[in-house]
Amino acid sequence: MSKSFIGVIGLGVMGSSLSLNIAEKGFPLSVFNRAIPGEAYILKNFMMNLDEGMQVEGFSDFKNFIDSLERPRKILIMIKAGEAIDYVIEELLPLLSENDILIDGGNSHYLDTNRRTTYLNKKGISFVGCGVSGGEEGARKGPSIMPGCSKKAYANIAPILEAIAAKDTRGKSCCTHISEAGSGHFVKMVHNGIEYAEMQLLAEAYTLLKVTKTNAAIAKIFKAWHKTDLSSYLLEITIAILQKEKDGIYVLDTILDKAGNKGTGSWSTKASFDLGTVNTMMSSAVFARYISAFKSKRHELSISVAPNVNQAEAIDISVLEKAYRFARLINHHQGFELMQQASKAYHWDLNLSEIARIWTNGCIIRSEFMEKSITVFKKYESYLEDENSLNLLKSAEAAIKQSISDSLSSRIAFDTFWSAYNYWVSMTTKNLPANLIQAQRDYFGAHTYQKINAPENQFFHTKWY
Ligand code: 6PG
């Protein structure tokens with residue numbers, strides 16, 4: 001019996017979609033799913049629904065599954081991130097041989113991936129922390145893939161990952177070797193952080209427009225934006241969502257306004273704190289989701305507070321469009337800046353242009369803007385070094401101010417737009433009030449301060465009292 005090229009553990013939504021994608025590309029595949037009560041049907045159903053010609057063997061026993069794989073064994077783990085990954089690793093370890101490769105394709109925390117890499121490398125096993133974006137459809141038809149591992153391990157898995165990934169406009173695979181260990185999961189985490197803020201910006205634009213417009217009218221406005229450089233997958237699905245009706249009622253209007261999350265947005269924010277980078281867009285988007293969760297308290301308080309003031313008639317759509325363009329640029333800037341800082345701190349030598357390229361298709365934040373970002377990062381380390389980006393921000397400053405003012409008139413929470421504007425204002429302000437902060441620190445804690453016109457390495461203390 002010939003051996004399979006790769007094995008997949010876990011036939012949940014993402015695992016089964018990736019497995020079908022792999023099998024469709026002609027790779028002999030082994031799949032594993034536990035036969036525990038209530039789950040036995042999963043493997044059975046999967047095996048029954050394979051297309052003709054797909055070379056797939058199904059297992060619910062680890063030993064037989066492992067024996068079915070060619071060496072070095074390549075095993076893609078597609079189970080819930082967290083402790084479950086450690087348990088599976090421990091179960092697999094006695095069955096593995098030196099040079100075998102374990103690939104974690106879930107949304108694991110990059111520090112867990114660093115830890116697992118060190119642990120497994122000591123045992124002669126390679127570990128790949130592999131970011132995969134694109135949801136169910138992407139996994140089936142071509143996701144964006146962000147593998148972090150040694151170059152040697154990547155050489156072994158590149159043929160399969162590059163074959164199953166989406167293709168960019170030039171036909172190149174949307175998969176690239178990110179760097180060592182947790183780098184792939186870090187980059188995927190930042191992808192999700194950008195995703196959070198992109199979604200929140202659309203939600204804030206929608207809520208501002210909703211004061212006076214129907215879902216159909218908002219969809220029409222977004223459709224017009226989608227025909228411009230603002231075109232993106234998230235805008236496209238938002239247009240579809242706005243138009244979806246069931247039994248004559250908009251589905252969107254029936255959905256409870258409590259947003260869920262699985263943690264990657266807050267991880268990005270925490271990483272920014274740890275690395276000393278500014279990430280106000282992602283954090284405001286994360287907090288907007290948290291605030292939404294206080295539904296009953298919000299409802300209770302809303303009763304005694306004045307309702308939204310309807311002054312939005314005068315909203316100029318072209319102004320909001322410019323404000324949205326401005327805020328998206330700041331969002332991407334903060335996300336790429338976070339990767340830039342991580343690259344320096346962890347010596348990952350990340351290629352930001354290449355990361356932008358693999359995010360042009362397959363993933364959730366694919367967009368026209370991402371396409372342009374490839375060129376920006378070929379030349380510069382930051383959007384703020386690029387003349388075109390700077391000009392866009394300068395020319396749209398009046399628009400974002402106006403949109404914020406519109407949100408105030410309508411009493412609309414508009415935090416992520418505000419964050420974009422505030423960041424820009426701070427970054428373009430020569431003198432910030434940090435002199436006062438330094439004085440306060442020195443007053444109560446003798447923390448010292450630097451002086452204008454004194455050498456940077458000189459620190460002063462004043463006897464304040
Ligand atoms: C993707 C998505 C996917 C998922 C995230 C976000 O790139 O395919 O980002 O990974 O949607 O986990 O989930 P939450 O919104 O639940 O945090």
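These legends describe close-up views of a predicted model.

**View 1. Helix α1 spans residues 13-24.**
The helix has 12 residues. From first C-alpha to last, α1 reaches 17 Å. That is close to the 16 Å expected at 1.5 Å a residue.

**View 2. Helix α1 is largely enclosed by the rest of the structure.**
Buried here means under 20% relative accessible area. The buried residues are G15, S16, S17, L18, S19, L20, N21, I22 and A23.

**View 3. The domain assignment divides the chain into domain 1, domain 2 and domain 3.**
Domain 1 covers 6-181. Domain 2 covers 190-427, and domain 3 covers 433-465. The C-alpha centres of domain 1 and domain 2 lie 32 Å apart. Their contact takes 26 residues from domain 1 and 20 residues from domain 2.

**View 4. Domain 1 and domain 2 bury about 1,800 Å² between them.**
Carbon and sulfur atoms account for 55% of that area. Across this interface, 11 residue pairs are in polar contact. Two elements, α6 (135-141) and β7 (144-148), each give two or more residues to the side of domain 1 that touches domain 2. β7 gives the most to that side, with 3 residues.

**View 5. Salt bridges form between domain 1 and domain 2.**
The count between these domains is 2 salt bridges. In this view, E371 forms a salt bridge with R170. The closest N and O atoms of E371 and R170 are 3.2 Å apart.

Conventions: Residues numbered from 1 in each chain as written. Predicted model: local features only at pLDDT ≥ 70, side-chain atom pairs only at ≥ 80, totals over all residues. Heavy atoms only, no water. Helix = DSSP H or I, 4+ residues; strand = E, 2+ residues; numbered from the N terminus. Expected span 1.5 Å × (residues − 1). Buried < 20%, exposed > 50% of the residue type's maximum accessible area, 1.4 Å probe, protein only. Domains from an automatic or database assignment. Contact = heavy atoms within 4.5 Å. Buried area = accessible area lost by both parts, 1.4 Å probe. Salt bridge = Lys/Arg side-chain N within 4 Å of Asp/Glu carboxyl O. Polar contact = N/O pair within 3.5 Å; in protein donor to acceptor, adjacent residues only side chain to side chain.
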